[in-house]
Amino acid sequence: MWWGYSPALDIQFEINKHETKYLDEYFDVLIVGAGDARHILKTLASSYLYRDRIILYNVIESTLEQVARSILLLSTCLETDLGLQEATRYYLEIFGNTLVRPATAKYLIRCCNKLADIPTDTINCPWLSLEQFRHKDKDRLEAIFKFWKRATCENIPVTEYWDQRVRKSLKTRYDYRDGVYDWDYHMILKSRGISNLTLQEYRFWRNNGIAFTWLEGEPVRSNPTLLNNIIQYGPGFIHYTYLGDIVNGPFFSWNLHETEDIHAKKYRATDTAEQEIIRSIYAIRTREPISEDLIASHRDPSILNGTLMTEVPNKGMEHKSWQTERKKSEGNRTSWIDVKNHKIIFHPMSSLETFKHKAEYTNKFDFIWVAYNMMKQLPNLVPLLKEGRIILVELPKYLVNFRNDDLQTFMMELKTIAHYNGLREINDINTKEHYIARFYK
């Protein structure tokens, strides 16, 4: 929940790799349970490499909070008024940190002010469609954005919620938690090919939920986009605190790319994730690749392979509430990059059961991506895939709680379900090497 556990994929590359004569000018894509918008962002960034095609991204997430976060993160990347590094750091902090810098918190407030108008069609968002949602779901989305704004101003105690989860999870091992984190890092993650994630980063995140840190500025304001089950109740809101991941971390979406740069092996997870997001935003804006010199220019080599924070800032810093500003009618519009050939369509979770009964969705999709925890939905998804097209299933390779025997069991169950529903492997699946299983219909 909140983030994925496999790298961002260029969907057009995946399709072209297995369909060398694919000449269609129109792709229908289905993404199920990705947890974030990384595949969409990566595909948008790589679109300049291919001839112009219309791509419809049909997305199903398990909660409306995940839908709202995807909209927020995509908006951050597509907003024209943000600087390149500014947008990148806003993205990563909102994406993976329980605490954000004051500048990021102010951006979050301003952005939620605007995004709250999208579900009610008060403003037009050309790259987004929520028409598949019922009015009740749209009202909840609007409430989520409004809650985020209010909760950011009030600086809710998200790190306390985090600590409560950790205590409940570790129980008597809580006082020895650094030893638990070290074991998970060295015995599991390092053996599975995590090169850029440092022990300091992983341990720091598991202690307080802050994954990405920089020298410039301290994260002292709460990030309410990580809270669960937000419901409007009268003039206020109720929520179920933090129920997300406290073991694996948001490090895998943007840290597992292949590179020939020998210096890149010295980077922290923060550095590599920042570079990947910068590459993506720059490519979306300019439709050309960014110079590696431009990426490297902002990174001081003296701080490579280290951590910039070793403890959470003093709770007394920025503890007071901010005044909630009244919404102004003027200046409340966002200018987005024109991505006219790309459209993101969100569908409710119930669509997994209803799509197979609708003729317009049978054999509709050219490509389907499925999260590891949605594997058992394959019987509902296979009828939606065109004959001869591919479906990708995420493997839980980078999940700490999946031991090697668990990975083998998962793979065998996946193959059984896939074969029973008429899917065949494109290549042999190796749980020690692969993070994605590729099938064709």
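**Ground rules**

I number residues from 1 along each chain as its sequence is written, and my side-chain values use heavy atoms, leaving out hydrogens and water. Since the model is predicted, local features need pLDDT of at least 70 and side-chain atom pairs count only at pLDDT 80 or more, while totals for chains, interfaces and linings use all residues.

**Entry 1**

I started with helix α2 (residues 38-46) and helix α10 (residues 269-286). Helices here are DSSP runs of H or I with at least four residues, strands are runs of E with at least two, and both are numbered from the N terminus. The axes of α2 and α10 are 7 Å apart, and the packing angle is about 50 degrees. I noted that axes are lines fitted to C-alpha atoms, for helices over the stretch in contact, with angles from 0 to 180 degrees between N-to-C directions. That angle makes α2 oblique to α10 (under 35 degrees is roughly parallel, over 145 roughly antiparallel, 65 to 115 roughly perpendicular, and the rest oblique).

Next I looked up who touches whom, with contact meaning heavy atoms within 4.5 Å. From α2 I got L41, K42, L44 and A45, which meet E276, I277, S280, A283 and I284 of α10. Sorted by class, this contact has 6 nonpolar, 1 polar and 2 charged residues. Ala, Val, Leu, Ile, Met, Phe, Trp, Tyr, Cys and Pro go down as nonpolar, Asp, Glu, Lys and Arg as charged, and the others, Gly among them, as polar.

**Entry 2: salt bridges**

How many salt bridges does a search of the whole structure find? I wrote down 24, each being a side-chain nitrogen of Lys or Arg within 4 Å of a carboxyl oxygen of Asp or Glu.

One of them joins the side chains of E25 and R51, at 3.0 Å from N to O. E25 sits in the loop between α1 (11-18) and β1 (26-32), and R51 in the loop between α2 and β2 (54-60), so this pair ties together parts that are 26 residues apart in sequence. E25 is partly exposed at 42% relative accessibility, and R51 is partly exposed too, at 39%. My cut-offs: buried is under 20% relative accessible area, exposed is over 50%, and partly exposed is in between (1.4 Å probe, protein chains only).

E142 and K146 form another salt bridge, with their closest N and O atoms 3.1 Å apart. They are 4 residues apart in helix α6 (residues 135-154), so about one helical turn separates them. E142 is buried at 16%, but K146 is partly exposed at 40%.

Is E276 buried or exposed? E276 is buried, at 6%, and R279 is partly exposed, at 22%. E276 also turned up in Entry 1, on the α10 side of the contact with α2.

I also noted a network of salt bridges linking E14, K17 and R438.

**Entry 3: positive phi**

Most residues other than glycine have a negative phi. R287 is not a glycine, yet its phi is positive, about 55 degrees. R287 lies in the loop between α10 and α11 (292-296) and is partly exposed at 42%.

N363 has a positive phi near 55 degrees. I located N363 in the loop between α12 (351-354) and β9 (365-370), where N363 is partly exposed at 40%.
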